[in-house]
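Here is a short report on a model with several chains. Look it over first, then read on.

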Amino acid sequence: MPDWLIIRTFWELTVTGLALGSIYALVALGYTLVYGVLRLINFAHSEIFMVGTFGALLASSQFLSIPLLEDGNYPYRTGMTLIIFLVFIMLIAMLFSGIGAVVLERVAYRPLRGNGDAFGAIVLAFLTAFIVSLVFVDQAKINVIIALLATAPISYAYMRFFKQGRKAPRLAFLISAIGASTAISEAVGVWSKHGRDQYQTPRLLEKKTLFTMFGTDVRIDYAIVIVGALLMMTALTLFVNKTRLGRGVRAVAQDAETSRILGVNVDLIIIVTFALGGVMAGGAAMLFTLVYDQTRFNIGFILGVKSFTAAVLGGIGNLKGALLGGLLLGLVENYGSAIFGGQWKDVIAFVVLLVVLMFRPTGLLGESLGKARV
Amino acid sequence: MSLVLNFWLRVTALFSGFGEQFRAMNKWQRYSAYGLGVVALYLLPYWPDVPVLGQIVNTPGSQFETVLNDQVVIFVLIALGLNVVVGIAGLLDLGYVGFYAVGAYVTAILTSAHGNLPWLLALPIAVVISMLFGLILGTPTLRLRGDYLAIVTLGFGEIIRLTAKNMDWLGASRGISNIKKPPSMFGLKFGVLDAKPYFYLGLTMVFIVIFILHRLEYSRVGRAWVAIREDEDAAELMGVNTFKFKLWAFTIGAGIGGLAGVHYAGKVGFINPDNFPLQLSILFLAAVVLGGSGNMYGAILGGILVAYMPERLRNFSDKRILVFGIVLVLMMVFRPEGILPKRVGNEHKKRRARSQEGEVAS
Amino acid sequence: MKKSVLRVGASMLVLSLVGVACGGSDDSSADACEGNSKIAFFGALTGEAGNLGINIKKGLDLAVAQHNEANPDAQIDVEAYDSQGDPDQAPALADKAIADACVKGIVGPAFSGESAAVNAKFEEAGLPLITPSATNPDLSKNGWDVFHRALAGDDKQGPGAASRIVADGKMKVGVIDDNSEYGKGLADIVQTSLGDKAVELNSLDPEAADYSAVITAAKDAGVDAVFFGGYYAAAGKLAKQMADAGVTAQFYSGDGTLDVGFIEAAGPAAEGAILTCTCAPKDSNPEFLKAFQDANKGEDPATYAAEAYDAASVFLAAMKDGKTSRGDILKFINSYDAAGVTKQLNWDEAGEVTGSAVYAYEIKDGAIKGIGLIK
């Protein structure tokens, strides 16, 4: 065997690639679920992930009040405390992302389906009044007060507009998603405590080597990420395949109109779909902070693009495809970096995508959330 | 609030009324109206000096005529080109910045880094090479469905940027400086300080592109585009070679994007890969859809708004991107077709009616 | 009804012509500045790299505030042009600064990228500038008369960093950069200076979260030191992930990393890292340190604040000397030779400051400590 970098470090690259790929896969699930049900690229899903990382940050540093450093070292926890804390942080992150995804759907997408409700009208009215008030005064508190006062009449007007039930063309959903994505990440960048700086999350888990495989140390955090992602994905697959709501998701994915006629509450199913995607992104966010200990207002953007690439690579709308695409992308990036150098990493990822789509125009496993049993 | 809505409806009615009036005018009235408008546009750099108007249009923190050229004209050119791809042919392109970058880089390579051509000669070469890139990217990818196309084009834009960033031959992250400027012509000197000549040049480019697109839109190609966008399968069945016409749209759009790049490179004289981030593609797309995709004048309006408003709103500089995001959502909720929506059906009926009138008269 | 189109068009035209008429009279008064003279800040105050610009502006503000206190009858204003570090936005701002006759000098542009995009404009307009932070060596090779920098370029810093690494007895140094203009430029110089002691480990993407590929390569090469060319956020992530992966190589980096943000991002992994900068340590001039802390609620001056203070004080000295036109101020700067808070301020033809040195810093007990000059 030739003495190349990739061959010497193959297993190490594999482990780290799989870990990052697992996170891609979890985020890709959100794209895939929404695409499968609504045929919509939920461009703002990346920011749902970002919100999840901030949820994890709040959970550990505020709710559990764990400092970044204790006596100059990481605030390690062990045993049951560690497990309970990690589960708690994950639940909070999932809660943040899940709520974020549902709110996003009600505000930025549902009105475009000609189905806007009071909640969306109120939020949109508040936002309208808020940005109009910014033209006159730029002091967060005053802006909020003005916006709150104006919310009622504006939301009344918006509700009347929603009653017309106008449906928007497909491109409009994408632009709305882009707008929402920009707004969410900028809002965090403008109003969070340290603004656009990088945030550190407390490190609870000591990153010891768990076991050695093929001469490569497998660290415990990587193991948790890979196993955790697989578990979450199994849970999701079971939910979609075995539960009543899951059956609804598959039905709507196959044919929304027919499902509606057959008595499926399509709006509820769409909310469930977004919530599921959000929860997966929240889990991914917590695993992400577990490995990298950091987040930032714009952390979602690149990760979102990569995860979306992963979803398309595997076949968008296909749950197994998201897993395959995510893991594959993580590996390809790592191997590619070892061969061509780190600066070509993204180029390699996109070229692989291009080549795959050339030969399999609907991704490796094809689209199938509705068509077959996933 | 209903007051605001009412006002909004009136404003848009005024604009659509404009169109009606326009069509109702005879040839000479129409030409003189065009003429007046064109002259007024060429005088745009002087608007900030007009008493009341100046207060309204001037950009508080940056030089107005530089904004007009560097931001507004570039965005209008790009919106025009992207509108062909997205609005007219219905192809979702999230990597349009790639063509803009190709245009700028070819100019830079030919006039500074690896050549000594004059800017004027680099211009057609750069446009043709941008079109070639459109062809190369389009041929394999246009067979993909809409959403796949989005991610592939996005990847393409990134590949272009990263290649420029990683290759020393392309200046790597240092970029390329000392790009040649357009030659002096018609008494206009293209220097470093005065942005006005560049604006006049850019505006002229915009008019030429509008003219060409107008001719195209009402040609066989244009009709094929409309057919494809409305229903691709039906168009295919009716014997339209959809692939060929989609490729045309992609290539022409790429050429216009390249032209914008040439103009930018010639004006600033320095480019580096950071000038062409992925986010810019998204901004371009937002411009087209915000203004009204499929309607050339809508796209122009969108380009103007997206480029100009952030500079106008420098007072709350920190929050302008946030505001932009919220405005996008609100626009899509309440006016998803954009500010000036396309009127395909009407337009064609009216044209047919008018041409029949003409036949009767002659 | 039809006529209203014509009417609107005609009124637009008339308005524009009024504008031409008004604008025409402008030229004669272009040199006259009504009101106080201004020193402009040019760089990012918001956006990704806003921190660095804010540091610079604080130094500038302090110098101007001191001047205004001492000279109540010759007040100077500070005008900020916030480019967000974006070369796309910079030209329109530069034109605005040039068109404002009251702007007599620029402290900035802060970054090398935007400098390349706009310095030619300042040169054409004869508007003098002193940058406190743009360290790309190429900038001084354009023959710009107006260009000065208040600290040495990377072509001085790179060899300095390399000689420190060699002096520490490192035999195999992995060189990594963030593929930015600044980071790659600096890393390349360090690599050249290190010669065969350097191992090229290529670039990483500063926006990405995961650097395991480059770290694996470093591990594989068995390096005993790593030099990173790039900014503090990426440097912090790299140092931390290297420690996590069990790489024990000594971490070195340049001035882009010299920020508390590095320590925050790297945590305990930052400990012992050695950073170089052509900027002086904050405690090298106690007087300045105290004045800065008093003016900023006890906050310490961060990277480039002292250089900005120096740059501003040169402009202020020129104005105090009675120089009012940009040309006179430029001449004054070109022949200036006096001590600043960071170094002797005196520029050569190209605009490089002559008396400059490279300082080394070490991260110790979670803080940046100056550990002296590099010979």
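## A hairpin in chain C

β13(C) and β14(C) form a hairpin, with two residues between them. In the turn, Asp365(C) has a positive phi of about 50°. Helices (H or I, at least four residues) and strands (E, at least two) are DSSP runs, numbered from the N terminus. The model is predicted: local features need pLDDT of at least 70, side-chain atom pairs count only at pLDDT 80 or more, and totals for chains, interfaces and linings use all residues. Residues are numbered from 1 along each chain as its sequence is written, while chains are lettered from A and ligands numbered from 1 in the order in which they are written.

Two strands pair if DSSP finds at least two bridges between them. Glu362(C) has Lys369(C) in β14(C) as its bridge partner. Glu362(C) in β13(C) is also the bridge partner of Ile274(C). Strand β10 (residues 274–277) of chain C pairs with β13(C) in the antiparallel sense, over four bridges.

How many of the seven residues of β13(C) are buried? Five are, so this strand (residues 358–364) is largely enclosed by the rest of the structure. A residue is buried if 20 or more other C-beta atoms, placed from the backbone, lie within 10 Å of its own; it is exposed if 12 or fewer do, and partly exposed in between.

## The seven-stranded sheet

The strands of an open sheet in chain C run in the order β7-β6-β8-β9-β10-β13-β14, with mixed pairing. At the edges stand β7 (198–203) and β14 (367–374) of chain C. Each has a single partner strand, so one side of each is left without a neighbour in the sheet. The twist averages 25° from one strand to the next. Angles run from 0 to 180 degrees between N-to-C directions, and axes are lines fitted to C-alpha atoms, for helices over the stretch in contact.

Strand β6 (residues 173–177) of chain C pairs with β7(C) in the parallel sense over four bridges. Asp177(C) has Ser203(C) in β7(C) as its bridge partner. Helix α6 (residues 181–194) of chain C lies across β6, β7 and β8 (225–229) of chain C, at about 160° to β6(C). Helix α7 (residues 212–221) of chain C lies across β6, β7 and β8 of chain C, running at about 165° to β7(C).

## Chain C as a whole

Chain C has 12 helices and 14 strands. Its radius of gyration is 23 Å, close to the 21 Å that the globule rule gives for 375 residues, so chain C is as compact as a globular protein of that length. This radius is taken over C-alpha atoms, and the rule is 2.2 Å times the number of residues to the power 0.38. Buried residues make up 57% of the 375 residues in chain C.

## Where chains A and B meet

In chain B, 40 residues are in contact with 44 residues of chain A. Contact means that C-beta atoms, placed from the backbone, lie within 7 Å. On the chain B side, α1 (2–24), α7 (146–166), α12 (278–291) and α14 (320–334) each supply at least two residues. Which of the helices gives the most? That is α14(B), with 13 residues.

Terms used. Contact = placed C-beta atoms within 7 Å.
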